[in-house]
Amino acid sequence: MKNLLEQSAQELKQGLKQKEFSATELTKTFIDQINKTKEHNAYITVCEESALKQAAEADKLLASNSDLPLLGLPVAVKDVVVTKDILTTCASKMLSNFNPPYDSQVSEKLKSAGAIIIGKTNLDEFCMGSSGEHSFYGPTKNPWDIERVPGGTSSGSAAAVAAATVPWAIGSDTGGSLRQPASYCGLIGIKPTYGRVSRYGIIAYASSLDQIGCVARTSEDADLLLRTVSGPDKRDATSVKQELWPELSNEVQSKIKIGIPKEYFNSPGLNPEVREKIENCIKFYKEQGFECVDISLPNTEAALAVYYIIAPAEASSNLSRYDGIRYGYRSSKSENLEELYTNSRSEGFGVEVKRRILIGTYVLSSGYYDAYYRKAQKVRALIVKDFKEAFQKCDVILSPTAPTTAFKIGECDLDPIQMYLNDVFTIPASLAGLPALSFPCGLDQKGLPIGCQLIGNYWKEDQILNLTNMYEKAINWQKLPANFSRA
Amino acid sequence: MSYDIENVALLARLKLSPEEKESLGSDFSKIIAYVQKLNSIESLNDESIEQTIPMTHVHQDLPGYTENLRADETKETLSNELALRNSSKTSERAFETPLIVEQVDDE
C-alpha cells in the first residue's frame, strides 16, 4: 500500500471504504506528520482532540457504509474561515482570542460531508500579503526549501499540503492568494467563479474579490473538495444559485480553444525559466489537438493599480468593525471611547494591514474618491470587457501563475510594490470574478515548482479542471518535495 | 497629490509611532505614485463607461437574480450569551464601553 501521506484524498477515500485503515488511524498519521514538520509553521491551531473525536464518529458511520462525500477525510482549513468553538484568528493579534459562536457555510458543509477538520492554517494577516511572511504567528516556510516563502496569503494551507500533513486544504483567494502559493508549492490551487462559495463566515478582506477555494495535489481532489463547499446561501447575498459544473471527464472536447494573452507573456518581470515551462504547456496542448490562439487583454497593465485601490478601499471599510468592544483585542490603556478604538486598532493590527487601511481610507476620502476609487471601478469595467471580448475568440486562457518561483524569506521587505508585483498575473481574473486555477508544470534549476494558470469563463470550472486533469494524467508531475517523509 | 498621513490615520482610527509615520509614509507615497498610472488610460474619458457596481454583473444575466432577496422575516439569531462571549467587558447582558456622554453637574 502506498504511504498514507502520499495518497490523494480520493485514494484515501477508497482505502477507508475498503477498510484498509480507519479514519482514526489516518487522522493520527497526519497529526504525527504535523508534529514532525512544525518548522514550517503551517498551522496556527492543531485540532487534535476534536479531530480524533470526529474520526471516531466517522469510523462508526464508515462501519455502516455511509456514503457521505468526504467521510473520514482530514482537511486543513485556512484560519480566515470561521469554525464554531475552534479559535479563528485570521493570523492577527486582533483576533488572537476569537472563539467563534457560529460556523461558516464552508465549515457547515465540510462537517455535514463527514470531513475531519484537522487544523487551522497560517496566513498573511487578514489575507493581506503575497508571501506568508506577514502573520502575527510568524512566517510560514516552503516545504520545498525552508529558506523560501510558500507564497500567500494561503501560505499555511499550501505548506500543509506540500508537507503531506493533509491531502488537501481550504484556502481563500482575493487577488491570487490560492493560485500563487499553489504555484510556489507545486500544487493545484483553484479559485471558483465569484459567487460559487458562500462568504458567510469568511472573515472579510475585500468583499467584491474574496472567494473560498482549495489546494490539492490532484485534479480529482481539487474538484471534489471545491464542489463540496460550493452552493448558494441565503446568508450571503453575493452567493449565486447556479448548478454545479459537470463531473470531471477524461474526454476533453478538443474544440476548446486556448487563448494566449500577449500582455502576460510580454511582462518584463517574467522569469525566463518560468516562461520556458509555460511555453512547454502550450506545446503540450497543441500536441493534444487544441487550437491555441493569440489574444489581447489590453488593460492588463492597469490591473495591479486597480486592485491596490479597490482592495484596500474595501478592506478599510471591512476592518472598521474592529473596535475592541464586541470581540477581538481590546487595549487596556484608554481613557475614553476614541482612545479605545485607536489604541486597540493600533496595537492589534500588523504593519501590512495598517498600510492597506491607510491607502484604502485615503482613496475613499472626501476629495479623492473620484480621482482614485471611482476611476479604479471604471478601469475594472474595462478589464471585465477585455475578458468578455477575449472569450469570443477562446474558451480558456493560459498564462504563467506567478512571474517567478518562490523567493527567499525577507527578499521583498524593502519595497511594497515589488511584493505586489508577485500577483500581476492572478489579479485580473479576480477583478473579473472568473474561475482560475494554477497547476504544476515543472521545476526550475533550483528544484522549485513553477505554476501554469488557466482562466475559465464564468461558471466553467469544469473546462479548466478537465484541461488540468489531462495534463496531470499525461505528465504525472512530482507531487511532493523529495524529502517530505520525515520517517 | 498631497496628503497628510496624520489626517488619514485619524480617519482610520490608527495611531502611528514616529517610525511608522516615516516608513508607512514612504510606502504610502510609492503606492499612490504607482496607482496614478490609471490617469494615463485614455478610454476613461469616455463617459459612456458606467461605473461597475462590484460583481453584480456576474449575476445580472442569471435567471432568478432578483430572487436573491428573502422575505423580511425574523429568523434564528445568536443567543445573548454567545453574542457576548468574545468581549472582554460586559455587564447586564450588554457590551461595556467607556463613558460616551460627559456628565454635566446640575447647577
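Is Lys385(A) buried, partly exposed or exposed? In this predicted model, Lys385(A) is partly exposed, with a relative accessible area of 47%. Its salt-bridge partner is Glu389(A), and the closest N and O atoms of the pair are 3.9 Å apart. Glu389(A) is likewise partly exposed, at 44% relative accessibility. Both residues belong to helix H13 (residues 370–393) of chain A, where a spacing of four residues separates them by about one helical turn.

Over all chains, 25 salt bridges were counted. Side chains of opposite charge can pair when their charged atoms come close. One such pair consists of Arg235(A) and Glu108(A), with an N to O distance of 2.9 Å. Arg235(A) is partly exposed, at 38% relative accessibility, and Glu108(A) is partly exposed with a relative accessible area of 32%.

In chain B, a salt bridge is formed by Glu6(B) and Lys21(B), whose closest N and O atoms are 3.4 Å apart.

An open sheet of 11 strands with mixed pairing is found in chain A, in the order E1-E3-E2-E4-E6-E5-E10-E11-E9-E7-E8. Strand E1 (43–46) and strand E8 (291–295) of chain A stand at its edges; each has a single partner strand, so one side of each is left without a neighbour in the sheet. From one strand to the next, the twist averages 30 degrees. Strand E2 (residues 74–78) and strand E3 (residues 116–121) of chain A run parallel and are joined by five bridges. Val75(A) has Ile117(A) in E3(A) as its bridge partner.

Helix H7(A) packs on the sheet and touches E2, strand E4 (168–173), strand E5 (188–191) and strand E6 (211–216) of chain A. The direction of H7(A) makes about 150 degrees with that of E6(A). Helix H9 (residues 272–287) of chain A lies across E7, E8, strand E9 (396–400), strand E10 (436–443) and strand E11 (449–456) of chain A. The angle between H9(A) and E11(A) is about 50 degrees.

The largest nonpolar core contains 176 residues. Those with the most contacts inside this core are Leu110(A), Phe126(A), Ile170(A), Tyr285(A), Phe387(A), Leu398(A) and Phe439(A). Helix H10 (residues 300–318) of chain A contributes the largest share, 12 residues. Beyond its neighbours within four places in sequence, Leu398(A) is in contact with residues including Ile258(A), Gly259(A), Ile260(A), Pro261(A) and Phe265(A). Also among the contacts of Leu398(A) are Ile278(A), Cys281(A), Ile282(A) and Tyr285(A), together with Cys452(A), Gln453(A) and Leu454(A).

Key:
Residues are numbered from 1 along each chain as its sequence is written. Chains are lettered from A and ligands numbered from 1 in the order in which they are written. This is a predicted model: local features need pLDDT of at least 70, side-chain atom pairs count only at pLDDT 80 or more; totals for chains, interfaces and linings use all residues. Side-chain values use heavy atoms; hydrogens and water are left out. A salt bridge is a side-chain nitrogen of Lys or Arg within 4 Å of a carboxyl oxygen of Asp or Glu. Buried means under 20% relative accessible area, exposed over 50%, partly exposed in between (1.4 Å probe, protein chains only). Helices (H or I, at least four residues) and strands (E, at least two) are DSSP runs, numbered from the N terminus. A nonpolar core is a set of buried Ala, Val, Leu, Ile, Met, Phe, Trp, Tyr and Cys residues joined through side-chain atoms within 4.5 Å. Contact means heavy atoms within 4.5 Å. Two strands pair if DSSP finds at least two bridges between them. Axes are lines fitted to C-alpha atoms, for helices over the stretch in contact, and angles run from 0 to 180 degrees between N-to-C directions.
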